[in-house]
Amino acid sequence: MRGSYGAGVFDWCLENNISFDHHVGVSAGSANLCSFLSGQKGRNLFFYADYSFRPEYMGLKHFIRTHDYLDLEYIYGEALTNSKGEYPLDFQAMLQSGKTFEIVATDAHTGLPHYFEMREMSQDDYGAIKASSCVPGVNQPYAWKGGLYFDGGLSDPIPYKRCLDAGCEKVVVVLTRPRDYVRDPVKDERMAKLLWKYPNAAKALEFRSRVYNDQLKDVMELERQGRALIVAPDDISGMKTLTKDREAIVALYHKGRHDAEAIRSFLD
């Protein structure tokens, strides 16, 4: 739900004709980027501030029945996102944007990051987004194209290197926590025990805090060099990954819109 901050960032970019050459999305960030590249301003806010409060979207009853707290098929499939859904993704517009876009997921068997290209998806088959958004511990791994995947944040939470490797001279990093946030390993180590069927993914989750903290230090150094810009909320009002608080969600969205203004001068 903290992804509403990124939704605000990218809506501001759409309004101000700000574009980028290469995009890498992780978890909810991958969904935000889809709507950004398709030019659908305001679409993501509906998902965070409206649809997410439906019992079909996520909830304990669904978890008891299916062992998946988030119904990824409902969110990114026929009900909401597909051609006949309530708010379809304009997939053709995204393809025709002329931009490159990678989506990060974590291979459940190896624990390593897997980078899907936008064109590996097809109309009404958005498995890369579902794989990248499959939260470990509350969802079973998502099966797509012969693999099993968890959330990309396990293995490559701040994938700035993918942009540098793609030839980008400058990188804009959109975070959903304050820039001075240091991830505590205790929660990750506890959650890792739930992935006993997938020991390598469990190990990736166990060490996620170290990876995140190291990547954040690297990005801060790039920022000091003028090669990166970190766009992050100064406060998240206690919001967690699955917090249902409409007021806080909308407030984070507007924080994102406000903070995105820094992108203009950074790219000049």
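**Notebook: two loops and a helix pair**

I looked up asparagine 17 and found it in the loop between α1 (4-15) and β1 (22-26). Helices (H or I, at least four residues) and strands (E, at least two) are DSSP runs, numbered from the N terminus. I am working with a predicted model, where local features need pLDDT of at least 70, side-chain atom pairs count only at pLDDT 80 or more, and totals for chains, interfaces and linings use all residues. Residues are numbered from 1 along each chain as its sequence is written, and side-chain values use heavy atoms, without hydrogens and water.

I read the phi of asparagine 17 as near 55°, a positive value in a residue other than glycine. Most residues other than glycine have a negative phi. Asparagine 17 is exposed, at 70% relative accessible area. Buried means under 20%, exposed over 50%, partly exposed in between (1.4 Å probe, protein chains only).

Next I went to the loop between β3 (113-117) and α7 (127-132), which holds aspartate 124. Aspartate 124 is not a glycine, yet its phi is positive, about 65°. I noted aspartate 124 as partly exposed, with 30% relative accessibility.

Then I checked helix α9 (residues 185-192) against helix α10 (residues 199-206): they pack at an angle of about 165°, axes 8 Å apart. So α9 is roughly antiparallel to α10 (angles over 145 degrees count as this). Axes are lines fitted to C-alpha atoms over the stretch in contact, and angles run from 0 to 180 degrees between N-to-C directions.

Which residues of α9 meet α10? Asp188, Glu189, Met191 and Ala192 do, against Ala202, Leu205 and Glu206. Contact means heavy atoms within 4.5 Å.

Notes:
Parallel < 35°, antiparallel > 145°, perpendicular 65-115°, else oblique.
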